[in-house]
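The tour goes stop by stop.

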Amino acid sequence: MEIADTHDRIRVQGARVNNLKDISVELPKRRLTVFTGVSGSGKSSLVFGTIAAESQRMINETYSAFVQGFMPTLGRPDVDVLAGLTTAIIVDQERMGANVRSTVGTATDANAMLRILFSRLGQPHIGSPQAFSFNVASVTGSGAITIEKGAGTTRERRDFTLLGGMCPRCEGMGTVNDIDLTQLFDENKSLDEGAITVPGYTAGGWSSRLYKESGFVDPAKPIRDYSETELHDFLHHEPVRMKIAGINMTYEGLIPRIQKSMLAKDKESMQPHIRAFVDRAVTFTACPDCGGTRLNEGARSSRIRGINIADACAMQISDLAEWVRGLDEPSVAPLLASLRQSLDSFVEIGLGYLSLDRPAGTLSGGEAQRTKIIRHLGSSLTDVTYVFDEPSIGLHPHDIQRMNELLLRLRDKGNTVLVVEHKPEMIAIADHVVDLGPGAGSAGGTVCYEGTLDGLRASGTLTGHHLDDRATLKDAVRTPHGTLAIRGAATHNLQNVDVDIPLGVLVVVTGVAGSGKSSLVHGSIHENEGVVSIDQAAIRGSRRSNPATYTGLLDPIRTAFAKANGVKPALFSSNSEGACPNCNGAGVIYTDLGIMAGVETTCEVCEGKRFQASVLEYHLGGRDISEVLAMPVTEAEEFFGAGDARTPAAHAILSRLADVGLGYLSLGQPLTTLSGGERQRLKLATHLSEKGGVYILDEPTTGLHLADVAQLLGLLDRLVDSGKSVIVVEHHQAVMAHADWIIDLGPGAGHDGGRIVFEGTPADLVAARSTLTGQHLAAYVGA
C-alpha cells in the first residue's frame, strides 16, 4: 500500500468554534457523511465553521497577496489539528441575492450562453452579446481626444457606440412604478391647510415650508385650482437652490423628492408607517414598452427559428432544453453542447419547471440551493469535498429520492460528501453518521455518536430515539367555522384555481416542489389586518443585533432598569449612551490586517461586557444589565416573572421564545451566530405577538430536529385552540399527518402542476392514495 493511500480520513482535533467543546472526529474520505443533532447543537459550526472554512482559507492562501486583497479575509478556525482536508465546495442555504436585476438565467450563466447564441445565429444580426443583455444600456458619444506621442501632441475626433439590450423605459427592471397622486395630497386643500399627506410633511415642518415659501405656488390656493405651470412646478420641478427662512435649501418637485427619499430605499428597512404609505401610493405594473421582458425593441427583433431571446427566457426550462436540442448548427456546436448540459441539469435536479427570467429573489430556500448545485453536476473534478446544508429543504418526499441519487452520484465519482441534515430519508443513505448534542447552545457541542446508521439507532441518543418516529393520523379532526374563498387564482403556474380554505383549523398546503403552493397562499391571501404571514426570508442583523434587540425585548428591560435606578433608559443600551467608550459597545476590538485575517480581541476595559463600568453599578433584582443579557431565555423568564424584577412586557416576549423552543439561547447572543433553524423560530416568536386571526407559515420545520417537530406541532395546536386559523405550506409528513385538512397541488411541477389534486382530511388522502403525496404519506404512517 502506498503511503499516499493512508491519507483516507479528514481528522479534526480540538475544535472549539462557537459552542463546540474541544471535540475530535475522523471522517472517511470518498464517503457520504451525515451530521445530525438538534438545531443549535453545533453541526454547522463543525462542518462550515471549521472544516469548510479552513479548506477555503488554505486555498485562498495559494493566491498572491495582490489577488487576496480582492477576496474576503478568513480567520483560522479555533481548532488544534485539521489534517487530510481537500478542496471544499460549499452549497449553503443562503438565499440568492434579491437584486431586481438578478434572474435564474443570470445567476447560472445560462443567460450568458443564450446571449452569445443569439448574437451569432439571430436574424437580423444586431450586434454583440451585450446587445441582448437587459443590464447594459445603449450608449453613444463623440468628442476630441488628445494623444501624446514623442515630443508632440495631436488631437483626433472619435465617436463610440455601445449597443446594449436594456429597455430604456424601465431600465431593465421589467416593471415601472406609477405614483397615485391622490395619496400624496388632498387637492381640495391648500398648502396652508396641510394638503400634503405624505408621512413627515406635517404642516409646520421644514418639508412643508419648502413648498409653501418657495414662491412657485400660492400656499393659500387649493391644489385643484393650480394652473398647469404651478402644478408642474409643485410636482415635477428640477432641483434648484434657494433661501427659505434664511437657510439655503434645494427645492425640487414633490414626486422626484419622494422617489429619492422613499422609493429608492429597500422596502424591508423602512419604518412600518412609511412602508404602508409606499404600498398605498405606488403601483408596480409591467413596463408597457417591453411588456415586462426588460429588453429593448432591437433585442426582441432578432430571432432564431421564430423565437426571440425574451421568448426563450420565458419558456419553462424543460421546454427550452427541447428547443435547444433541436438546433443543429456546427458553427456554434461547443456552445450548444454546454447550454444543453446546463439546461438538462436543471431538469435532472427537479427545477425544470422554472423559467430563466424568474427573478432570483423569488426562489424558495430549497430552489436557491438546488440552483447552486447545478454548476457542479457535470464537473469532472474528483476528490473534492462537497458540503451541503440541509439539501432536503423545500423538497417533497418524492423529490428527496432524486436528491439522494444526486448526492450518491457525487460520492461515487470519488468525492467526499458532507451533509447537515434532519430528515430520516436522507440520513438513511449515509455511510457514516456524526451526531452532535446532546442539547442546543451551551448544552450541545459534543459528539454523542459517530459510526454507522444501525449503530445510531441503537445508540440511545436523542436522534437515535427519534429516527424511526412516525406521527399517526389524528383520530378526530376539528370542525371549521367558516372558509376563506379563493377564486380564479392564476399567479405563476396556477390554472384558475378555485378553493375554499377552512378557517379555525390547521390546514396544510402541500405538493411537489414547483406545484404552486406558495403562489396559491402568498399570491392569493394578501397580508391585511387579520393575516400574519411568516415567510422564509432571511433575518437581517449585524453582530450588534441579538435576540433581545430583534424581538423588542430590550425596550421593557431598559425601562425597568431605568425606573428601578432613577436614570434614563439609554444608559442600558450598548449601542447608545451606556456603551463602553473603548470598544463602542461591541465587546471586542477588531484589528484589520489587510490581506491577513483580522484579529478580534476581547475589550480590556469592559472585559467583553459591552457597557461602561458606571452602568454596571445599577441593578435590577440583584443583577446588572450585562448579567441579564448573559442569561438564557428560560432563566430570564423566571427572573422577569416574579420578585423585584417582575416585568410583564418582558415576560410575555420571553414565554413566546420558550414556546418556539429557544429556551437555551442567551439574550445577548449575536444574531450572526444563530443557525438557520434558530433564526426561523426567532422570527416565528416575534410574529406570534401580532394580532391576527389567520397565520400563514412557510415551511416552519426548516432546520428542525425530529425531536423539535413535536414541539412545533404542539405550538400550532395551541394557536388553533386559541381561536386562530393556521395555514402551513409544508412537506414534512409529521405535519401533514397532524393536519385537520390537506390541500394537495400538482400533479407535477411548472405547467404540469398548478391544479388542486386533492382536498380533504389526511385520513381520506391516505385511503385514496390518488396523489404522490398520498402515496408517501401512506407509507410514512404505515397504512
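Leaving aside its neighbours within four places in sequence, which residues is Leu82 in contact with (heavy atoms within 4.5 Å)? Select Leu82 and look around: Arg11, Val12, Thr50, Ile51 and Glu54 are the residues in contact with Leu82, once neighbours within four places in sequence are set aside.

Before moving on, note that this is a predicted model, where local features need pLDDT of at least 70, side-chain atom pairs count only at pLDDT 80 or more, and totals for chains, interfaces and linings use all residues. Residues are numbered from 1 along each chain as its sequence is written, and side-chain values use heavy atoms, leaving out hydrogens and water.

**Stop 1: Leu82**

Leu82 sits in strand β4. Helices (H or I, at least four residues) and strands (E, at least two) are DSSP runs, numbered from the N terminus. Is Leu82 buried or exposed? Leu82 is buried, because its relative accessible area is 16%; buried means under 20%, exposed over 50%, and partly exposed in between, with a 1.4 Å probe and protein chains only.

**Stop 2**

Show β2, β1 and β4. They form, in that order, an open sheet of 3 strands with antiparallel pairing. Two strands pair if DSSP finds at least two bridges between them. At the edges are β2 (23-28) and β4 (81-83), each pairing on one side only. From one strand to the next, the twist averages 10 degrees. Zoom in on β1 (residues 9-15): antiparallel pairing joins β1 to β4 over 3 bridges. Arg11 stands opposite Ala83 in β4.

**Stop 3: helix α1**

Select residues 43-60. This is helix α1, lying across β1, β2 and β4 and running at about 115 degrees to β1. Axes are lines fitted to C-alpha atoms, for helices over the stretch in contact, and angles run from 0 to 180 degrees between N-to-C directions.

**Stop 4: helix α6**

Move to residues 228-236, helix α6. Its buried residues are Glu230, Asp233, Phe234 and Leu235. Their cover includes α5 (206-212), β10 (247-251) and α7 (254-263).

**Stop 5: the cysteines**

How many disulfides does the structure hold? The number is 0, where a disulfide is a pair of cysteine sulfur atoms within 2.5 Å. Select Cys580. Its closest cysteine sulfur, in Cys583, is 3.7 Å away, too far for a bond. Cys580 is buried, at 1% relative accessibility. End at Cys448, which is partly exposed, with a relative accessible area of 30%.

Technical notes
Contact means heavy atoms within 4.5 Å.
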